[in-house]
Amino acid sequence: MSDKLNFHFDVDGENFVSAGQASVQVKKNLRELGLPPEVIRRVSIAMYEGEINMVIHANGGFADVDVYEDKIVITLDDKGPGIKDIALAMQEGYSTASDQVRSLGFGAGMGLPNMKRYTDDMQIDTRVGVGTKITMTIRL
Amino acid sequence: MKIREIKELLDAEVVCGEDALETDVHSACGSDMMSDVLAYVKDQAVLLTGLVNSQVIRTAAMMDMVCVVFVRSKVPTPEMIELAEESSIALLASGKRMYEACGTLYYHGLGGAKHE
């Protein structure tokens, strides 16, 4: 565990305009580390979708990106409402987002499927009324 | 196609990124739904959209795009311009509607995604 590099972010749940700031910063950090562009793109898209989800569904939370020698692990932790039916949430096109969120270009029901698509492994640990923790791994 | 040609074909105004006009781009996509851009776009360098908020610029940045064209006379906010400048993304604004703008670029040789 000692040889990992950690980037930690507080995701502000109040402000849709600033959503994605952490992902932009992670993209910059990974570029500076000289990682392959395809890896950087996958990490930043998965994290960006996660960040947007935290803002529109869970009133923000914490995001951590841990860079190891052989993998990158993204952890998104929120105290939101939890996901009632994970299988349904994973279905492309299914969304509980409001019309307001849709009018902003999101809420197409592609967030979680996209996060899975761009990562090698995704674990969802959720409890209704308590929160959700999503752990995504991208192998290097 | 160079970004300058996109500007000319769409009769667009350069909002920022004047120095990127000679950049060559090889494909584009058009969407107002950023979730779909993140899901389906692969290597497109240009995004045409009628959506105006900061997430448009962040989505383009995530996808390594170099140019965003706002259609239907939409005008990006100062905050969006600042974000675009930070990510070296050129912003153009055109009065054309989405269908016409995409069609014009496609007709002149700017393709879409390569289907897998």
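**Figure 1. Aromatic pairs in the predicted model.** Over all chains, the count comes to two aromatic pairs, where rings of Phe, Tyr and Trp (its six-membered ring) pair if their centres lie within 6.5 Å, and planes under 30 degrees apart count as stacked, over 60 as edge-to-face and the rest as tilted. Phe16(A) and Phe106(A) form an edge-to-face pair, with 6.1 Å from centre to centre and 70° between the planes. This pair links distant parts of the chain, 90 residues apart: Phe16(A) is in the loop between β1 (5-12) and α1 (21-32) of chain A, and Phe106(A) is in the loop between α4 (99-103) and α5 (111-117) of chain A. Both Phe16(A) and Phe106(A) are buried, a term that means under 20% relative accessible area, with exposed over 50% and partly exposed in between (1.4 Å probe, protein chains only). Tyr48(A) and Phe106(A) also form an edge-to-face pair, at 6.1 Å centre to centre and 80° between the planes. Because Tyr48(A) lies in helix α2 (residues 37-57) of chain A and Phe106(A) in the loop between α4 and α5 of chain A, the pair ties together parts that are 58 residues apart in sequence. Tyr48(A) is buried, as is Phe106(A). Through these ring pairs, Phe16(A), Tyr48(A) and Phe106(A) are linked into a cluster. The structure is a predicted model, in which local features need pLDDT of at least 70 and side-chain atom pairs count only at pLDDT 80 or more, whereas totals for chains, interfaces and linings use all residues. Residues are numbered from 1 along each chain as its sequence is written, chains are lettered from A and ligands numbered from 1 in the order in which they are written, and side-chain values use heavy atoms, with hydrogens and water left out.

Figure 2. Apart from neighbours within four places in sequence, Gln123(A) is in contact with Lys133(A), Ile134(A) and Thr135(A); contact means heavy atoms within 4.5 Å. Gln123(A) and Phe106(A) are 17 residues apart in sequence, and their C-alpha atoms are 22 Å apart in space.

**Figure 3. Fold of chain A.** Chain A contains five helices and five strands, where helices (H or I, at least four residues) and strands (E, at least two) are DSSP runs numbered from the N terminus. Along the sequence, these elements follow the pattern β-α-α-β-β-α-α-α-β-β. The C-alpha trace of chain A spans about 40 × 25 × 25 Å along its principal axes. Of the 140 residues of chain A, 54% count as buried. Contacts between residues at least 6 apart in sequence join residues at least 24 apart in 62% of cases in chain A.

**Figure 4. Ser54(B) in helix α3 of chain B.** Ser54(B) is found in helix α3 (residues 54-62) of chain B. Ser54(B) has a relative accessible area of 5% and is therefore buried. When neighbours within four places in sequence are left aside, Ser54(B) is in contact with Val17(A), Glu79(B), Met80(B) and Leu83(B).

**Figure 5. Lys96(B) in a loop of chain B.** Lys96(B) lies in the loop between β5 (90-93) and α5 (98-107) of chain B. The C-alpha atoms of Lys96(B) and Asp11(B) are separated by 8.2 Å, although these residues are 85 residues apart along the chain. Leaving aside neighbours within four places in sequence, Lys96(B) is in contact with Leu9(B), Leu10(B), Val71(B), Arg72(B) and Ala101(B).

**Figure 6. Fold of chain B.** Five helices and five strands are present in chain B. Read along the sequence, their pattern is α-β-β-α-β-α-β-α-β-α. Along its principal axes, the C-alpha trace of chain B spans about 35 × 30 × 25 Å. Buried residues account for 52% of the 116 residues in chain B. Among contacts in chain B between residues at least 6 apart in sequence, 51% join residues at least 24 apart.
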